[in-house]
Amino acid sequence: MIPAAFDYHAPNTLAEAMALLARYGEAAKVLSGGQSLLPLLKLRLGYADHLVDIGRVPGLEYIKEEDGYLKIGGATREVALERSDLIRSKYPILLDTALVIADPLVRNRATVGGNLAHGDPGNDHPATMLALGAEVVATSPKGERTIPIEKFFTGLFTTALKPDEILTAIKVPIPASRSGGAYVKLERKVGDLATAATAAQVTLGKNGEVERAGIGLTNAGPTPIKATQAENYLQGKKPDDTAITEAARLAAQATAPTVDRRGSVEYKREMARVLTARALTQAVQWAGGH
Amino acid sequence: MAEHKIRVTVNGTAHEAEVESRLLLVHLIRDVLRFTGTHIGCDTTHCGACTVLLDGEPIKSCTVLAVQADGRQLMTVEGLEKDGQLHPIQEGFWEKHGLQCGYCTPGMMMTAYALLQQNGNPSEDEIRQAISGNLCRCTGYMNIVKSIRYAAEKLP
């Protein structure tokens, strides 16, 4: 399959990239790893007159802790998360996520920023970033702005990014001690989108009670879902089996899946419940709980 | 729409081409540069038949634009054999019957090549993880895993 014709631009600086986006507006799309965008263009489900490739823009690929945040450059490839000692040792939820995105060949190209900016509720990083309470840094010729992740996904394949903005970084508040997280995904086969998946990030207080819980759900509605009710329910409670069971029930209630080849609405909702319980249990274990 | 002059190195040799923006890397490799060892399978980023190495990393060349490869190094299945000598990976697929129809084989071998560059002694599990983006409809993967193990043992 050949995409419809477009012009390709390969800016060498962020300033050039933003100038191109400002010039072409809605007619332009940012090309990062291309692992979602190019299939869309090939299938003619998406169109762009101009592709602005940020693959040659320096300074967009990094993973570092700084100023109280884990900062991930927008064009950081998934494979870099897998290989990062920092991620492997301190952010199991991000390692879990990276390892189940598409397949290893795709992960050599696919980027973390692209996974978010694509706005596909079936993508995996949105749920993880919701659970972690991340912020997205959007850069335009006017400067930088920070978008809380829960305000980022505005609709199916739609985000809060404006046409002249580039997702240049993701900022995750460095979790307090006694924190842990997990991402648990049910997929029919490697490379498939989730039938259901849950990201859970938990911080425990002095007495082992939940100080903060973040829960994100993948492919459970038109946008990635933050299971706010379940999060609130857990706050201040001991994360025992009873509490986790109830939180998982509340999370499943927040889902609005559609029927497709991956299963019925009832099945997907039930899987969201089961996976939420598993993700929470794992997160609590990482946090040093029971 | 705009044509771009690009330069890529394939298996150590520099090539230049004038390409449309929308030309896929796999078509540059097969139709323009005529390295037809690289196959097109699903054309939808699933099967991995079109796997080549881009700057040493295995990628699906149906999901990369030719212009994105400008100035970069490519390696295709034709780059494995040297001076009439099969690469140990090719020898492994021969000896261990790592193929039946052969359609997935070039891509499978490129992924295996990249794996062995990084990890000279992969376990069966590591091999299965590495090739999980390359689909084979004939072998059930048993003999592919054995072929890659064969190469791992043979490679210095």
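Reader: Is B:Tyr141 buried, partly exposed or exposed?

Author: In this predicted model, the relative accessible area of B:Tyr141 is 21%. A residue counts as buried under 20% and as exposed over 50%. The value of 21% lies in between, so B:Tyr141 is classed as partly exposed.

Reader: Where in chain B is B:Tyr141 placed, and what is its phi?

Author: B:Tyr141 belongs to the loop between α4 (124-130) and α5 (142-154) of chain B. Although B:Tyr141 is not a glycine, its phi is positive, at about 75°.

Reader: Which loop holds B:Asn11, and what is the phi of this residue?

Author: In chain B, the loop between β1 (3-10) and β2 (13-20) contains B:Asn11. This residue is other than glycine, yet its phi is positive, with a value near 50°.

Reader: Is B:Asn11 buried, partly exposed or exposed?

Author: The relative accessible area of B:Asn11 is 27%. Since buried requires under 20% and exposed over 50%, B:Asn11 is partly exposed.

Reader: Is A:Glu82 buried or exposed?

Author: A:Glu82 lies in helix α3 (residues 78-83) of chain A. Its relative accessibility is 14%, and the limit for a buried residue is under 20%. Therefore A:Glu82 counts as buried.

Technical notes:
Residues numbered from 1 in each chain as written. Chains lettered and ligands numbered in written order. Predicted model: local features only at pLDDT ≥ 70, side-chain atom pairs only at ≥ 80, totals over all residues. Heavy atoms only, no water. Helix = DSSP H or I, 4+ residues; strand = E, 2+ residues; numbered from the N terminus. Buried < 20%, exposed > 50% of the residue type's maximum accessible area, 1.4 Å probe, protein only.
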